[in-house]
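Please open the structure in your viewer and follow the stops below, selecting each part as it is named.

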Amino acid sequence: MIHSVFLISNAGDLFLEKHWKSVISRSICDYFFEAREKAVEPDNVPPVIRTPHHYLINIYREKIFFVSVIQTEVPPLFVIEFLHRVAETFQDYFGECSETTIKDNVVIVYELLEEMLDNGFPLATESNILKELIRPPTILRSMVNTITGSSNVGETLPTGQLSTIPWRRAGVKYTNNEAYFDVVEEIDAILDKSGTTVFAEIQGVIDACVKLSGMPDLTLSFMNPRLLDDVSFHPCVRYKRWESERVISFIPPDGNFQLMSYHISAQNLVAIPVYVKQNISFFETGSSGRLDITVGPKQTMGKTLECLVVTVHMPKVVLSANLSATQGTYNYDPVTKILVWDIGKLNPQKLPNLKGSLSLQSGAPKPEENPSLNIDLKIQQLAISGLKVNRLDVYGEKYKPFKGVKYVSKAGKFQVRT
Amino acid sequence: MLSPWFLCRNEDLKEMLESNKESLKLEAMKRIVGLIAKGKNASELFPAVVKNVASKNIELKKLVYVYLVRYAEEQQDLALLSISTFQRALKDPNQLIRASALRVLSSIRVPIIVPIMMLAIKEAATDLSPYVRKTAAHAIQKLFSLDPDQKEHLIEVIEKLLKDKSTLVAGSVVMAFEEVCPDRIDLIHKNYRKLCNLLVDVEEWGQVVIIHMLTRYARTQFVSPWREDAVFDENSEKAFYDSEEERRVDQSKPYIMDPDHRLLLRNTKPLLQSRNTAVVMAVSQLYWHLSPKHELSIITKSLVRLLRSHREVQYIVLQNIATMSIQRKGMFEPFMKSFYVRSTDATHIKTLKLEILTNLANEANISTILREFQTYVKSQDKAFAAATIQAIGCCATNISEVTDTCLNGLVLLLSNRDETVVAESVVVIKKLLQTQPSQHSDIIKHMAKLFDNITVPMARASILWLMGEYCEHVPKIAPDVLRKMAKTFTDEEDIVKLQIVNLAAKLYLTNSKQTKLLTQYILNLGKYDQNYDIRDRTRFIRQLIVPNEKSGALSKYARRILMAPKPAPVLQSAFKDRDRFQLGTLSHTLNSQASGYLELSDWPAVAPDQSVRNVEVVEPQKNGNAVKVESRSESESGSESSSSESSSESRSELDSDSDSGTDQKKNTKPKPKTLNIMTKYILIHIVLSISSPFFVNCMCSLLHLCVFLACQFDAVSWPVRVSLQASSPVFVPETSHELLHRMTGKGLSAQYRFTRQPCIYGNSMVSLQLTLSNRTDQALENIHISEKSSTGQNIHRFNAIGELNTTKEDEFSVSIQPAVGELLLPITMSEADFTKEQGNTNTSYWHADETPTNQPIHFSACISRFAGKTVSSGSLVLVSVALKDPDAMITINTEKTVMGSMLLRQVKTALTNSGP
């Protein structure tokens, strides 16, 4: 299936290659570079590129292109999903997935890639199994290794590989047994000029950090499971229990993992926590413009809005911005034409406002369209959909674990058109 | 060429590799891997590296493997040196080492070792470890690509591995099947149901491959489920799918879905909830290609969910949705807003969303969509704005109600400042006007006015063409435009020049009085143009329109040739013809056939024989009645095999439910007739697998006591001693026993069944499946196992089943009486071990008895052995039955006296009663 993988930096530097079948010359990447050049923005590179004898399927992540070479028919999502899994594994192992970390850990990267694919077909992609095969680097271990010459490679076959629950390793032991769940909801919305909601939905995930000894069997139930429109689960979740009883029953992987993600598309359920009053105008003459943005709370359920950031992608002709903010700081980058206004906490008594003038390139015609605003925000201790975890039960083990649930709501792709 | 610096560095590495210190060697190997990763050539170090292939240090060994696989092809002779190491490792007791040896051995692309690889694969395919068998499945593909002549032998191995019941192997072997012999669909028949049932538990990558394969399989084996509801479908569907053939069959008999077809659909449905986008897409395409149309809607939500994923995933999913939305608007219409474009989307994502929105447009939602389009037209991304204008044009032609509105909107755009927007508008307006030119002469006039400001050649050419085509509607303006063009002819682009010539010709024919001179002037200019196309066109036009003695009969028809009414262009989606490819494939994405693409066949008109998929596991010996127990290995991902299975629904409800648990009940239904409760008989099934180490499994099942005798007639089995490792049961009975009768239980009846699955709550527990049914009309509440009922036994209680209501409380005492056999776990051990353990003094008690049997029993061998361990304490139980015609000698060795005697008694009765 997957013949080879090339890692290429945003600057066009091919810094790693790995082949699972016969070696394919790196000149194959010329086709990719050609497409890359044509696309201008890295985001616009087509994910599937055809060459005379091969197909290149690529993803762009963390400023790195993962380019895979395919020779025969294969579901493209299969490859794309796998490449993302590779990137996630790197992130998991090295804390971040960047050109430098990959270059620094090239041996581990190579060993990982070797284990993840056999003859182009995924072999071990579960992080629990990989971590037993190849231990992630830590400062302490790398020191010990250099002194003693011991290795990063596990000596035993991960038991998970063989069991029916490959995501959990055997013989887990903790002195403090704890299970934490983070309910994170993101509001995706498009508001139009007048503030009416064009489109809104909630994307939620439940991230878990479970550190429990033995083989615990957990059941998580919600107060209001009917809210959830569409769900997808980690493979550990028993789908039938969810179908029949609307509870999530599972034997958890060890450590951090994403338990489930869900989708609430009913628009009336989505509270819009913020409103924006904006006025951006460009004058016909004098190559200048005016900008005036005020942000205020809307449906916040009594919680404070935090980490409020407004981002504006300005038209190309805007040279600079001379603004004043009543709260927070703003920054205009004349190269990328992005205006970022970092507000911070929203004080409902005194609404933050950003006002001032924009100067345009002289002689250029006035921009056709007003730029749209992207908003970032965070609300602690609130799931905006109102989803609530009812209880968590542990079966199969005798101890009483420490349990905790945290809620947080964020703005996802939250856009205000102007 | 290598730089001197590089050479010296390699010397350095060579020295390190030849040193005695492990750490130095390791360091050297790490550097070499670094070189390989950067694509530098390190092949000259081959001899130095290959020496370390037998190193004890695992990391060093692995790095040497990496190197070997990379360079073996280039250094074939030297690579052969390492082969013996792998051959030795293939016999290693550790399955990890066996597997990795096979992995590397099969990755070395050296043709000489093909026979060795073939042998290794054959052996590994019968390995006891499923992990090694999985590696064997991968090796099949490698060997096939190295030497396609081995195909026939490899197919044999694939056939064997397809029968494997391990979820670990399933995905890999199907992958090998797809690569080596995708046309041998006959190999799938017997494994079809097993694959369907295993699917949920296979790892995600395997799922994708299996689902794609099963989609193809199903299209050849089942009849179309589509014709029945074709009436309710959207208009386009009918024309598309209804072939003559189908209609004919339709009339003859109503459509009933093959249960196997249903099984596939049912077992793939939960996978729509997978976190792996490739799996979700695979299931979606399976439903698209296989499910009845009215069931298709369940995939919509999942596909829309994928749109939240990474950019690349969105791209592929949107493409597939675009194809689907052409044929079935209704599926995605409720989710229209999910396809609204954000200014931050990548351009190709935006265009795809636009495509889908256009496909979804209908009379009801067009106003919303057009309002949305208005925003897009203003986008800073001009390529996207242009695409939006095209989309508006599409909507305008498809929905006649809004044609005028769209046209007016487009005319407004003509005064836009951006050139690309204007140009695109002109082109689209041109297409629209062609459908109804007479009413729109003012638009043509307006465009003529704008003409001077438009510089994009395509737009200019379009306007000129419009002028020429409808010059009779604008008799005053057209000649004036021609006059202007005559002035600038030489500076125009080729495409514009061609249209000027056209315009001149048409005007000459309709209004020769005003334009005769102008036309001649232009034709003269054209005659000496640099471009030969324009010269040709000029010559042709001149001959056609200007009558002279040489021009033949054609000039008479000049008017009819040039002014013929032209059909309006059809604006249609670029995804119109993509449905010829299977969704979710690379070919679909590229819209051209990728190499190795397997065509999805049309539904057969008449279903092929269904019985080919029947798998007969057990055959009755005593009774003449045929008992067919299909082996549907119930793998419930560990979830259903919990020690206490609860379900609060009544039985009748369960049956209609699409839960694979009910499957098993359906299967058991015909059984009570033949499996008379009072008759006991032995069901023996012998599976012979012939290969160098071959096993014969004799399976002996009694109705209540099921003892499986696994006998190995194999003296040369693996030297691996897996002493007390439990193996999976060969046979799982499907009979359940009454726990609580509905009369005594006041409406609540309970049945239990031994699932013979390892219990997830503890190794010393036996899993039991409880089926509770409510036979009253009232609801029952709070069913639970009360604390006091268990007498010193450890029962893992299930949660109280809440929900339902009655007023009074009841308590029933029940007891579960397992047959002794149910408390045993079968284990695998070699004959030698068996005899050794039998003679072992530690197993202090043993029972022997000579039983006269009525008739000789049909054992093919003289001694049958069964090894097991008790679930609770793990103590060994060995049963051997030796036949000395007409007597049988039963020997049971165990520490547990009570159990031993009970077991002995039951085996004895069973054997005595079992004569034919």
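## A hairpin in chain A

Begin at A:E62, which takes a positive phi near 50 degrees in the hairpin of β4(A) and β5(A), where two residues lie between the strands. Strands here are DSSP runs of E with at least two residues, numbered from the N terminus. This is a predicted model, in which local features need pLDDT of at least 70 and side-chain atom pairs count only at pLDDT 80 or more, while totals for chains, interfaces and linings use all residues. Residues are numbered from 1 along each chain as its sequence is written, chains are lettered from A and ligands numbered from 1 in the order in which they are written, and side-chain values use heavy atoms, with hydrogens and water left out.

Next, select β5(A), residues 64-70, which runs antiparallel to β4(A) and is joined to it by seven bridges; two strands pair if DSSP finds at least two bridges between them. Across this pairing, A:I64 in β5(A) stands opposite A:R61.

Now select residues 55-61 of chain A, strand β4: seven of its seven residues are buried, so the strand is largely enclosed by the rest of the structure. Buried means under 20% relative accessible area (1.4 Å probe, protein chains only). In a regular strand the side chains alternate between the two faces of the sheet. Here A:Y55, A:I57, A:I59 and A:R61 point one way, and A:L56, A:N58 and A:Y60 the other way.

Finally, select β3(A), residues 48-50, which is antiparallel to β4(A) and joined to it by three bridges. These two strands form a hairpin with four residues between them, and A:I49 has A:L56 as its bridge partner in β4(A).

How values were computed
Buried means under 20% relative accessible area, exposed over 50%, partly exposed in between (1.4 Å probe, protein chains only).
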